[in-house]
Amino acid sequence: MLSKPDDIARMSSAELQKLLFEFQARQLELEIQNQELRATLGCHEHLFEKSPIGCLTLDREGAVQSINNTAINLLGYAKQDIDGAFLADHVHPSDKTAYDRYLEKLADTLTTQALTLKLNRSNGKIIDVECRGSAGITDDKQTLICLVLNDITEHKQSEKKLSGLIEQLENKITKKSGHLTKSNRILKKTIDELNYSRHQLLEREAKLNSILNASIEGIIVIDTVGTIVSVNAAVENIFGYSAEELIGYSVNQLMPISIRKKHDNYLRKYLHIFISKTIGQIREVEGLHKDGSLVPLDMTIAEFPLDGAQYYSGIVRDVSARKLQERQEKEHLEKLAHVTRLGLMGEMASGIAHEVNQPLSAVVNYTQVCLRFIQNENPDLEKIGEIMHKANQQALKAGQIIHSMREFVKPRKIHRSTVDINALIYDAISIFESDFKQHLVAMLFDLTKNLPHVYIDQVQIEQVILNLVKNSIDALKELPQFTQRQLSIETSLDDLNYVVVRVKDNGSGLTPLQREKILTPFFTTKVSGMGMGLSISRSLVEAHHGTLHFNSKEDKGTTFYFTLPTEIPANARNKA
């Protein structure tokens with residue numbers, strides 16, 4: 001290639017022609033390169049404008065030299081408002097210092113750097129962007145900074161939300177861990193308490209078994225079909241069976257044969273109907289001993305659930321000794337009552353003699369009249385028959401009085417039945433008619449009609465009535481001669497459905513000392529009395545499940561009253 005103009009002058013035409021040809025070829029090559037460069041530059045500009053990522057270029061001071069549509073939309077301003085403006089004007093104040101240092105570093109190092117910024121949009125909203133930039137030197141020795149902006153607002157919000165969720169999760173985990181730790185401590189404490197309770201329960205069970213086996217009452221536990229589940233040691237003493245002979249077998253093994261022979265479903269009905277009505281009550285029953293003998297028992301039944309099943313426990317006590325004692329006491333009481341009846345008849349002898357003498361005298365008179373009629377030549381047989389009938393009635397009356405006295409005083413066994421108390425009072429009082437006349441006693445009856453019947457031994461309660469009436473007559477006899485003497489008998493029904501019998505007189509009454517001791521055995525207000533009448537009367541009334549009381553005031557009179565139940569007591573009903 002020529003370097004000087006003189007060289008061209010010395011060249012030949014052929015050489016010049018060749019040089020021209022080279023120049024033309026070089027020019028054509030440059031034009032082709034220029035066209036390729038313009039095409040590449042146009043492609044780059046197209047990619048720059050259409051890129052989905054915001055791109056812009058800045059000079060060293062940060063003024064916008066070029067910006068694509070994505071970046072414009074990201075900032076929300078018009079292109080003319082951004083070209084030539086400083087990007088720093090759109091950076092959030094909190095990030096401006098970091099942004100200035102970032103640009104300075106890019107320009108100084110000419111390396112690629114990244115920074116996260118907050119930018120202010122035209123609508124006032126703040127967006128988070130990731131800014132990646134690099135710097136270079138242009139042909140005219142100017143620093144050109146290229147930035148790529150990526151909107152990470154949603155990513156930031158997601159990160160923030162995720163961070164919040166992670167924080168909440170961590171808090172929940174921490175809280176849950178605390179709860180689990182606390183629950184673990186509570187569980188451990190509960191386990192320790194359960195182990196302690198189990199130990200205590202085993203000790204209590206051992207103590208309970210010891211107490212149950214030491215109890216004199218037999219305790220039998222059965223299920224709802226009557227199968228024996230457990231028994232204590234006292235059951236063997238009462239029934240003669242060992243525990244092995246009873247557990248797993250039906251409870252009817254301990255029932256009398258008369259009950260066992262009833263229809264098959266008797267036990268089931270007994271458990272579901274009868275037991276439910278008698279839970280907690282004491283009932284007298286009979287059990288069957290292994291040797292076949294009957295054992296009198298007091299039984300109480302309780303119901304309890306266990307492990308979802310229902311059970312019944314029967315507590316039984318052998319009352320053979322008590323029954324023997326009661327029987328002996330009743331026999332003794334009857335002997336005492338018999339003695340007092342004899343004494344009472346002795347005291348009433350004159351009145352009884354008078355009562356018997358009246359019908360006997362009438363019989364004598366009627367027979368004498370009959371004898372005179374028979375001596376006539378033409379006796380009036382019809383008239384004689386009427387007189388003989390009257391004599392027969394008086395003889396029967398005398399016989400009835402003697403029979404009643406005989407029944408009253410003779411030794412006898414106790415026999416209870418339902419009795420009309422008013423009828424019994426009328427029958428008993430009839431024996432005192434002569435005493436009422438002799439001592440001028442006005443007898444009054446105030447008997448409530450249609451009273452329920454009482455379940456009593458008729459002779460024993462008659463004895464109580466006679467004794468109270470006799471005491472009242474004796475008290476009235478002591479009044480001055482012309483004083484009015486009144487004796488009344490009343491019957492009524494109280495709120496507890498008990499029949500009340502009152503014997504009231506207007507005698508001299510009892511002194512405080514007499515009121516204190518009047519029901520004590522061997523205490524008497526009479527000169528010749530034994531002091532047993534009222535004491536035995538009270539025992540007789542109490543043996544009928546009643547009570548005997550009195551009210552008395554000096555110079556006003558005395559009222560003795562006793563009560564009798566109108567229903568058959570449970571123990572009497574069992575025996576009936």
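A salt bridge is a side-chain nitrogen of Lys or Arg within 4 Å of a carboxyl oxygen of Asp or Glu. The model is predicted, so local features need pLDDT of at least 70 and side-chain atom pairs count only at pLDDT 80 or more, while totals for chains, interfaces and linings use all residues. Residues are numbered from 1 along each chain as its sequence is written, and side-chain values use heavy atoms, without hydrogens or water.

Eleven salt bridges were found in a search of the whole structure. Glu-284, Asp-298 and Arg-322 form a network of such bridges. Arg-322 meets Glu-284 at 3.5 Å, N to O. Arg-322 lies in helix α11 (residues 320-347) and Glu-284 in strand β8 (residues 282-288), so this pair ties together parts 38 residues apart in sequence. Helices (H or I, at least four residues) and strands (E, at least two) are DSSP runs, numbered from the N terminus. Arg-322 also meets Asp-298, at 2.5 Å, N to O. Asp-298 lies in strand β9 (residues 294-306).

Arg-322 is partly exposed, at 31% relative accessibility. Glu-284 is buried at 18%, and Asp-298 is buried at 13%. Buried means under 20% relative accessible area, exposed over 50%, and partly exposed in between (1.4 Å probe, protein chains only).

Strand β13 (residues 454-457) is covered on both faces. Val-454 and Ile-456 are buried on one side, Tyr-455 and Asp-457 on the other. Strand β11 (residues 416-419) runs antiparallel to β13 and is joined to β13 by four bridges; pairing requires at least two bridges found by DSSP between two strands. Val-419 has Val-454 as its bridge partner in β13.
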